[in-house]
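Subject: Structure handover

Hello,

Here is the structure I promised to pass on. Please open it alongside this note; what I found follows below.

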Amino acid sequence: ISRILLLLPKKVYVDEGFEGCAQIFAEDSIIVEDKANLKYPSGLYSRKYVEIKGQSRVSGYVIVDYAGSPDIKSPTFIKSRGSVVRGLVYAGGVSQLQGVVSGHVFLEQAAYYSDHGYYNHTVYDATILENEHYAYPLWLESAHKRKEIKWLN
């Protein structure tokens, strides 16, 4: 009999300079420090907060499954202007989206936070590129065919 153990910690930190493939799930928050490289097919799933700092890369998906009402003073997803996500970004709540996404983006609400205040319903300094080559989790209904992306030994 095979058994799978899935841990759901409150917080997960991905160290600066980490390189590898990971599926990360957290009850509260995930913080990806600068210059981390999460290779395909990696994924980040949190119920409350995800932050991707500096020059980090995530190839796979980022999901913030926030169930509360959006609050402009409490962002649920922050992606820095130097970071790159290749794949799916799906975020409930309020998100500050910057940098590059090569894939699909679904935000409940966007905001830009500056030293002088915040700008509601604003995406600033972001590039979103179409990319149909990434497999997505069974998170959204899609016309795209689902397939195995990686077998674990």
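Y45 is buried, because its relative accessibility of 12% falls under the 20% limit. F25 is partly exposed, at 26% relative accessibility. Bear in mind that this is a predicted model.

Why look at these two residues together? F25 and Y45 form an aromatic pair. F25 sits in strand β3 (residues 23-26), while Y45 belongs to strand β5 (residues 37-46). The pair therefore ties together parts that are 20 residues apart in sequence.

Y113 and Y118 make another tilted pair. Here the centres are 6.2 Å apart, with 50° between the planes. Y113 is partly exposed, at 22% relative accessible area. Y118 also counts as partly exposed, with 41% relative accessibility.

There is a ring cluster as well: ring pairs link Y112, Y119 and Y124. The count of aromatic pairs comes to 5.

Now the overall picture. The protein has 12 strands and 0 helices. Of its 153 residues, 41% count as buried. The protein exposes about 9400 Å², and carbon and sulfur atoms supply 51% of that area. Among contacts with a separation of 6 or more, 32% come from residues 24 or more positions apart.

Best regards

Definitions and conventions:
Residues are numbered from 1 along each chain as its sequence is written. This is a predicted model: local features need pLDDT of at least 70, side-chain atom pairs count only at pLDDT 80 or more; totals for chains, interfaces and linings use all residues. Side-chain values use heavy atoms; hydrogens and water are left out. Helices (H or I, at least four residues) and strands (E, at least two) are DSSP runs, numbered from the N terminus. Buried means under 20% relative accessible area, exposed over 50%, partly exposed in between (1.4 Å probe, protein chains only). Contact means heavy atoms within 4.5 Å. Accessible areas come from the Shrake-Rupley method with a 1.4 Å probe; for residues, only the protein chains shown count as cover. Rings of Phe, Tyr and Trp (its six-membered ring) pair if their centres lie within 6.5 Å; planes under 30 degrees apart count as stacked, over 60 as edge-to-face and the rest as tilted.
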